Amino acid sequence: MSNNLSHLLGRKGINKNLFEELGKAAFETGTPKQEALDKLRDEFLVGKSTVYGTVSFYDFLKPENKGKKVYICNGSACMTAGTQDNLHKKLSANYKEEEIGEMCCLGRCHENSAFHIDGKNYSGNDIDDIVTIRKEKSTTKERYNVGFKGSPILTSEYGSIKEYYKIFIDCLKQSPDELIVELKDSGLRGRGGAGFSMAFKLESCKNVASDSKFIVCNADEGDPGAYSDRYIMEQRPHELLMGMMIAGYITGADCGVIYIRGEYPESVDIITDCIEELIKEKLLGENINGGGFNFNFKVIKAQGAYICGEETALLSSIEGQRPEVRVRPPYPTQKGLFNQPTVVNNVETLANLPFIMKNGGKAFAAIGTNKSSGTKLISLDGYFNKPGIYEVDMGTPLSVVVNELGGGFGKPVKAMHIGGPLGGLVPVDKINNLTVDFDSFAKEGFLLGHASVVCIPEEYPLVKYIEHLFKFTAHESCGKCFPCRLGSVRGYEMMEKAQNENYKIDYTLMNDLLETMETGSLCALGGGLPLPIKNAMKYFENELAPYFKK
Ligand SMILES: Cc1cc2nc3c(=O)[nH]c(=O)nc-3n(C[C@H](O)[C@H](O)[C@H](O)COP(=O)(O)O)c2cc1C
Ligand code: SF4
């Protein structure tokens with residue numbers, strides 16, 4: 001059924017897609033009116049349940065969102081920083097309670113106290129100017145450090161567009177097969193979490209014959225604590241755009257779709273402006289630079305759902321279907337967006353392509369380690385003395401990131417949650433055992449993931465943090481498979497009861513629950529959540545003991 005729907009929803013092409021139309025219909029009131037939904041379902045020839053299923057899924061479209069004027073970030077970093085209760089109090093003095101909603105996460109993890117008004121994000125001390133912000137709809141400037149240790153592939157300046165895009169023009173003079181060789185030599189692995197080979201993905205899409213193919217950039221950076229993709233989009237946007245154009249040339253795709261989370265309004269604006277710039281420079285469109293290659297971009301602003309970062313849910317989302325995870329195979333490279341061959345890659349992965357094409361795959365592979373080549377961007381939260389985005393060669397000791405680049409912790413910290421909600425919980429005494437690369441983290445029983453760092457301070461109860469993780473998963477679960485849909489809720493209930501009632505958690509029951517989620521879930525949301533919880537139960541057994549049966 002969803003297979004047919006994908007075809008049907010692609011009928012009008014990417015530029016007129018149901019998902020965007022639903023977003024437009026919700027613009028004024030926060031949720032689309034029934035008449036608007038009826039009109040759209042007639043126009044797109046889909047049933048009431050399809051449109052309802054979509055609208056009721058997203059934080060920014062669903063009826064509960066109606067009338068909200070300000071949104072407080074409820075992501076992990078703002079939560080452990082303990083800034084949001086005070087923020088709520090101050091906002092309550094300016095807004096009615098029913099006008100205050102929640103968003104997760106605004107990517108302002110470096111200065112916390114984050115909130116969103118009228119399509120703009122605020123953080124740090126901005127709340128103290130709330131009266132002016134509300135009256136004048138003014139913007140403020142966030143501050144975070146940017147630095148590197150080793151090779152600044154992604155953090156160095158790239159100069160003028162004309163000069164920089166010579167790399168792409170040179171690519172057009174080579175065959176896609178020649179470029180694939182460079183990519184293979186580079187050993188580049190996906191930066192979105194799974195570490196999958198980029199060359200393999202592009203080659204398999206290239207090898208499928210089709211008149212229509214897509215390069216989709218996954219810019220749904222939903223991991224609380226992560227803002228490195230946002231950094232690239234806002235401060236190095238052409239690394240990403242050129243990376244997508246190169247990927248398009250290699251695979252034979254003529255359309256690049258950038259799916260950017262709605263919580264990053266500034267990224268949407270900057271990327272849109274940069275695409276305009278490329279059009280003006282005649283670097284997009286038909287027969288670019290006479291090289292016989294056509295390419296255009298489409299920016300899609302998401303509507304608030306963490307699961308849309310999972311690549312198949314993301315494709316369903318763009319199509320306007322309820323973003324449920326799809327069973328693989330078929331893989332997106334064979335049957336992706338609107339059933340056409342599609343490459344889905346993370347922002348940071350794609351942003352590495354210009355460097356590889358300019359310097360050669362071997363030069364890239366010479367940086368980092370054998371199995372994790374190149375560099376990695378790391379996002380440090382507000383507990384560090386120097387919070388910010390740091391680029392390090394893969395293989396750099398974690399202690400260098402924490403102590404040298406991040407300047408150490410501002411307050412006592414007991415653990416770092418690295419790699420998003422599905423990443424490992426690293427106790428601080430393990431810092432010296434780890435280097436920043438896929439293998440070191442896997443060997444020690446953690447996960448590098450997207451390399452975001454959320455600190456858990458000494459005084460923050462881990463039982464509360466685990467409760468937060470279960471609750472987050474329960475809220476974000478797409479509901480397709482029961483281990484995640486039910487397991488996350490049961491886990492949340494146990495943690496909640498253990499704190500508030502005369503109830504102790506049964507170890508065997510909890511372990512069974514975690515095993516079921518880990519082995520039985522369709523995707524890494526339900527399948528990945530047990531990792532940080534198991535880490536917490538292993539490394540913080542004494543702290544958690546009072547909540548468990550003896
Ligand atoms: C629940 C969940 C959320 C995800 N969120 C993101 C995300 O925000 N950004 C991202 O690039 N990948 C995310 N992924 C991984 C994607 O499914 C996919 O592996 C990735 O986009 C592939 O790109 P890469 O090979 O360049 O890493 C997520 C996966 C899961 C299971
Ligand atoms: S694990 Fe959760 S999010 Fe993933 S498919 Fe199953 S229900 Fe959906």
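Trainee: How many cavities of 30 Å³ or more does the structure hold?

Mentor: A cavity is a set of points, on a 1 Å grid over the protein atoms alone, where a 1.4 Å probe fits but cannot get out. In this predicted model, the structure holds three cavities of 30 Å³ or more. Residues are numbered from 1 along each chain as its sequence is written, and chains are lettered from A and ligands numbered from 1 in the order in which they are written. Local features need pLDDT of at least 70, side-chain atom pairs count only at pLDDT 80 or more, and totals for chains, interfaces and linings use all residues, while side-chain values use heavy atoms, with hydrogens and water left out.

Trainee: How much space lies in the largest cavity, and which residues line the largest cavity?

Mentor: A volume is the space filled by probe spheres set on the points, which are joined across faces, edges and corners; a lining residue has an atom within 4 Å of a point. The largest cavity contains about 70 Å³ of space. Its lining consists of Ile307, Val325, Ser477, Cys478, Gly479, Lys480, Cys481, Cys484, Leu522, Cys523, Leu525 and Gly526.

Trainee: Into which classes do the residues of that lining divide?

Mentor: Ala, Val, Leu, Ile, Met, Phe, Trp, Tyr, Cys and Pro count as nonpolar, Asp, Glu, Lys and Arg as charged, and the others, Gly among them, as polar. The lining of the largest cavity has eight nonpolar, three polar and one charged residue.

Trainee: What volume has the largest pocket, and which residues are the closest to its centre?

Mentor: A pocket is an open set of points with protein on both sides within 12 Å along at least five of seven lines. The volume of the largest pocket is about 1200 Å³. Its lining has 49 residues, and Gly192, Gly193, Ala194, Gly309 and Glu310 are the closest to the centre. By class, 20 residues of this lining are nonpolar, 19 polar and ten charged.

Trainee: Which peptide bonds are cis?

Mentor: Most peptide bonds are trans. Here, the bond from Cys104 to Cys105 is cis, with omega near -15°. Another cis peptide bond joins Pro329 and Pro330, where omega is about 5°. Cys105 lies in the loop between strand E2 (100–103) and strand E3 (115–117); strands (E, at least two residues) and helices (H or I, at least four) are DSSP runs, numbered from the N terminus.

Trainee: Which residue has a positive phi although it is not a glycine, and where does Lys137 lie?

Mentor: Most residues other than glycine have a negative phi. Lys137 has a positive phi of about 50°. Lys137 is placed in the loop between helix H7 (130–136) and strand E5 (145–149).
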